[in-house]
Number of protein chains: 2
Amino acid sequence: MHTCAIYKSMQAKPTIKDIAKALNIHHATVSRALRGDSRISEETRKKVMDYAASIGYVVDQNALNFRNKTINNIALIVPNISHNIFSSFISLITDLANKEGLTVSVFQSKEQFDIEAKVIKTIVRQRVGGVIASISNETRNGKHFEGLRKFGIPLVFFDRVCEDLNTSKVLVDNFEGTMQAISYLTGKGYRRIAHLTGQQAINVFRERHQGYLKGIELAGLTYKESIIIEKDFEIADGEKAMLTLWNKEEKPDAIFSDSFVLSAGVIKQCRQLKIQLPNELAMLTITNDPYSSLLVPSQTVLEQPLEELATSAFELLLKAMNEDSHQPEIEIRHHAFRLIERDSVQ
Amino acid sequence: MHTCAIYKSMQAKPTIKDIAKALNIHHATVSRALRGDSRISEETRKKVMDYAASIGYVVDQNALNFRNKTINNIALIVPNISHNIFSSFISLITDLANKEGLTVSVFQSKEQFDIEAKVIKTIVRQRVGGVIASISNETRNGKHFEGLRKFGIPLVFFDRVCEDLNTSKVLVDNFEGTMQAISYLTGKGYRRIAHLTGQQAINVFRERHQGYLKGIELAGLTYKESIIIEKDFEIADGEKAMLTLWNKEEKPDAIFSDSFVLSAGVIKQCRQLKIQLPNELAMLTITNDPYSSLLVPSQTVLEQPLEELATSAFELLLKAMNEDSHQPEIEIRHHAFRLIERDSVQ
DNA sequence: CTGTTAGCGCTTTCAA
DNA sequence: TTGAAAGCGCTAACAG
């Protein structure tokens, strides 16, 4: 993200001075008229408005922000824009922000720490009003986010967070939700539940794994098999994981998967191995992917409450942006998963 | 998108004047030192750099852009951020833009003309450097884009375009591609191919439908059944369309679907109707959805070359942004579909 | 090599 | 009700 290529604006845009000159009044008067200042006479106001419209005057938000030291945009950092959970989140935040007159700049870390750090530097330079972020798989601490704090740029994390940073956070109740999901499975009679998850350095995966272990423990079971995928999930990871599990002495009777993509891989592998789903193997997936219901069998899922997450994150960000103090009030919100029963569990 | 809520920046940030004062030099010298102007002595440069780093100085991009009348961001308007094709496109454009030191603001029309028009007004105010857009289903002409031209803001359309606007465009060869796809199907022996498509006012759907008709004609067939979904596609639309087609006197032996979502609905309905796929019914889908291979049967698709589209769109935008003339050179690029054979056609 | 000055587009005192 | 002047952070032209 170098900065050599910055582009000249191509065209002289009309300014309030142009209007002022044309109407033989002072540009401050024009400014006031355009903003509907009550001290300006109706006559002048109309004259200014009409002329402004006729030449296609539009206020320069850049100059405005510069002059007023205001800011009308926020930044969103996600690991991967094109992943459904994040694009849905971007969509929700964009709508909320636009309603408030805020513009949204999106950035992706591509799950890489270095890119994330670069993005943060860019964001500081841009003087955005605030940042909502979900960290990359490689991120181990939040030092690179400190630049934001130094510049008083509010930061709210969602889902994947820097636990060492004292900022507002919006979290999904991974531990609780996973534990309950496991109880749900054991309640249905499943006894050998395997867990497909991600890097344990990331809060969400660690919490889910702990919830899994707790759930197994609570049910008094002994079978515990976890496969931890260290990189970004791909379908092939699910396929491989399933193969590994099925080649073991004791085969699972249920898969608890932390990702739609992994589940898709599992299903693919099951087709290969002629495993009957859901008869021979139940599946429960964490995801809110719109296509989970299209898989065969349609997936029983633990749905992340994306709308609540987005609303909370945006609320907390706005609150922080509106606070005067340099020590913004920290708030951590938890949202519960929703279990959606479909055909992959019987 | 009202504008009442604009936020004050919370904190006094160090400026070059602070540095100048502290070091007893002129702020212009600081400015030059920071930018590595060769005229500044190594000693001064180092002093400035060190002090700047020590107080955490970061240049104010806002002020920079204002002063230089430069712009370092572009806007992206899509119908729906969370639709895979668009989020993938956003992802690609974001990476290309960031490499050039440009920031990307995303907007979505939600397939609504009114929102699209509002978004464009916002973008003009923001004085972005350029716009890449794909229009909403409701958009019938490009008058609301004229504001951009008036301000010399370059505009490049991709995929869904305003045909009345003389701007650069990046298109998929819908007519050609569809025609070839139909030939592919007829070559495989299919004789009753139905077409599921969208509003004929939108270039992509109209072109595909024309390609479909041409393909049928070329094969000397008589069966022609099209179902046109007027709104944003949903799974239920695919289900309903399939039901309608199957209830007709003459049933199709192949479905040519303009959307992954519609195909998903078709498959769902086929399961309901106990139609054997692909034996009783072949399917060919236009999409580059990463999950088309996960459907059962995995979908033979006409893939949109998203990377090429994004690269082209960005190239054309950059070119337009770099041109001095007020009459930018218009370029229209076409990209071909790629046929990916899977199991839904035998 | 460095300082001076002016100004980008806009708003906000202060004055009239 | 309007005008005049100053200044946000930065750079560039000119001078020294």
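Mentor: Keep in mind that the whole model is predicted.

Trainee: What makes up the contact between domain 2 of chain A and domain 3 of chain A?
Mentor: Two residues count as touching if their C-beta atoms lie within 7 Å. By that rule, domain 2 of chain A puts in eleven residues and domain 3 of chain A puts in ten. On the domain 2 side, helix H5 (84–99) and helix H12 (306–322) of chain A are the elements that give two or more residues. That side of domain 2 has four nonpolar, two polar and five charged residues.

Trainee: How do you know which residues are near DNA strand D?
Mentor: The C-beta atom has to lie within 6 Å of the strand. For DNA strand D, 23 residues surround it, and the closest are Thr29(A), Thr15(B), Ala28(B), Ser31(B) and Arg67(B). Helices H2 (27–34) and H4 (61–68) of chain A and of chain B each give two or more residues to that surface, and H4(B) gives the most, with five.

Trainee: Which residues come nearest to DNA strand C?
Mentor: Among the 24 residues around DNA strand C, those are Thr15(A), Ala28(A), Ser31(A), Arg67(A) and Thr29(B). Here H4(A) gives the most, again with five residues. By class, this surface has ten nonpolar, eight polar and six charged residues.

Trainee: Why is the relation between chain A and chain B called a two-fold axis?
Mentor: Superposing chain B on chain A takes a rotation of 180 degrees with 0.1 Å of shift along the axis, at an RMSD of 0.1 Å. In chain B, Ser105(B) comes closest to the axis, at 2.1 Å (C-alpha).

Trainee: What makes S1 of chain A and S2(B) a strand pair?
Mentor: Pairing needs at least two bridges. Two bridges join strand S1 (residues 7–8) of chain A to S2(B), and the strands run antiparallel. In that pairing, Tyr7(A) stands opposite Ile71(B).

Trainee: Why is Lys69(B) called partly exposed?
Mentor: Buried takes 20 or more other C-beta atoms within 10 Å, and exposed takes 12 or fewer. Lys69(B) has 15, so it is partly exposed. Its phi is near 55 degrees, positive in a residue other than glycine, and it lies in the loop between H4 and S2 of chain B.

Trainee: Is Lys274(B) buried or exposed?
Mentor: Lys274(B) has 7 other C-beta atoms within 10 Å, so it is exposed. Lys274(B) also has a positive phi, about 60 degrees, although it is not a glycine.

Trainee: Last one: what makes the bond from Val296(A) to Pro297(A) cis?
Mentor: Its omega is near 0 degrees. Pro297(A) sits in the loop between strand S11 (282–286) and strand S12 (300–303) of chain A. In chain B, Val296(B) and Pro297(B) are also joined by a cis peptide bond, with omega about 0 degrees.

Note on methods:
Residues numbered from 1 in each chain as written. Chains lettered and ligands numbered in written order. Predicted model: local features only at pLDDT ≥ 70, side-chain atom pairs only at ≥ 80, totals over all residues. Helix = DSSP H or I, 4+ residues; strand = E, 2+ residues; numbered from the N terminus. Nonpolar A, V, L, I, M, F, W, Y, C, P; charged D, E, K, R; others polar. Least-squares fit on C-alpha atoms with pLDDT ≥ 70 in both.
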